[in-house]
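Subject: Handover of a structure for your study

Dear colleague,

Please find the structure below, together with its sequence.

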Amino acid sequence: MGNLAESSRKASILLWTVQALLAALFLFAGGMKLVTPIAAMTQQVALPGPFLRFIGLAEVLGALGLILPGLLRIRPVLTPLAAAGLVIIMTGAVGVTMATMGAAQAVVPGVVGILAASIAIGRWQRETPIVVGRPRLASQAA
């Protein structure tokens, strides 16, 4: 049984490490989209400025969602949902990058998306209990 506990602990440490790295990345990227002048952003990417601001806000909120629920132990089921939202953002980033800069440049957002998906799956499996069969009523327990 000790081996299973050790394996679970290692998985938890790996998930937390990836979560922290992704949170830092998205906090920085989203923060930059929120403070950079719209004119400067739209010169680099042919997307509407308000949409880029929205993406920046979503990235910052996603970064907070990766860390705060688990750290504060308040609604930890929000972490896999935040990671899934970041997967959606990175899917769009892959598409935009491929269309504007080519497939080779799309590798980085693709890898980030895969890491976010691994957090979504890993945390979903850890935070949602597996229920087999019907739960018993108190009157049936005896």
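In this predicted model, the largest nonpolar core has 17 residues, and those with the most contacts inside it are L22, F26, L66, L86 and I119. A nonpolar core is a set of buried Ala, Val, Leu, Ile, Met, Phe, Trp, Tyr and Cys residues joined through side-chain atoms within 4.5 Å. Buried means under 20% relative accessible area, exposed means over 50%, and partly exposed lies in between (1.4 Å probe, protein chains only). Two or more residues are given to this core by each of α1 (2-35), α3, α4 (78-101) and α5 (107-127). The largest share, five residues, comes from α1.

Two remarks on the source are needed before you read on. Residues are numbered from 1 along each chain as its sequence is written, and side-chain values use heavy atoms, with hydrogens and water left out. Because the model is predicted, local features need pLDDT of at least 70 and side-chain atom pairs count only at pLDDT 80 or more, while totals for chains, interfaces and linings use all residues.

The chain as a whole

The secondary structure comes to five helices and zero strands, in the order α-α-α-α-α along the sequence. Helices (H or I, at least four residues) and strands (E, at least two) are DSSP runs, numbered from the N terminus. Of the 142 residues, 27% count as buried. Contact means heavy atoms within 4.5 Å; among contacts between residues at least 6 apart in sequence, 61% join residues at least 24 apart.

Which residues is F26 in contact with, leaving aside its neighbours within four places in sequence? They are G31, E59, V60, A63, L86, M90 and V112.

Helix α3 (residues 49-72) has 24 residues and reaches 34 Å from its first C-alpha to its last. This is close to the expected 34 Å, the expected span being 1.5 Å times one less than the number of residues. At G65 the helix bends by about 30 degrees, and the proline P69 follows within four residues. The bend at a residue is the angle between axes fitted to the seven residues ending there and the seven starting there. The buried residues of α3 include E59, V60 and A63, which are also among the contacts of F26.

R73 lies in the loop between α3 and α4. Its phi is positive, about 55 degrees, although R73 is not a glycine. R75 lies in the loop between α3 and α4 as well, and its phi is also positive, near 50 degrees. Most residues other than glycine have a negative phi. Are R73 and R75 buried or exposed? R73 counts as exposed because its relative accessible area is 73%, and R75 is exposed at 63%.

Helix α4 has 24 residues and reaches 34 Å from its first C-alpha to its last, close to the 34 Å expected. Its buried residues are T79, P80, A82, A83, L86, I89, M90 and T97. T91, which is found in α4, counts as exposed because its relative accessibility is 53%. T91 and G110 are 19 residues apart in sequence and 7.2 Å apart in space, C-alpha to C-alpha. After α4 comes G102, with a positive phi near 105 degrees.

In helix α5 lies Q125, which is exposed because its relative accessible area is 58%. The C-alpha atoms of Q125 and V77 are separated by 10.0 Å, although the two residues are 48 residues apart along the chain.

The largest pocket

The largest pocket has a volume of about 950 Å³. On a 1 Å grid over the protein atoms alone, a pocket is an open set of points where a 1.4 Å probe fits, with protein on both sides within 12 Å along at least five of seven lines; lining residues have an atom within 4 Å of a point. Grid points are joined across faces, edges and corners, and the volume is the space filled by probe spheres set on the points.

Of the 30 residues that line this pocket, the closest to its centre are K33, V45, E59, A93 and T97. The largest share of the lining, nine residues, comes from α4. V45 lies in the loop between α2 and α3 and is partly exposed, with a relative accessible area of 28%. V45 and T97 are 52 residues apart in sequence and 9.3 Å apart in space, C-alpha to C-alpha.

Yours sincerely
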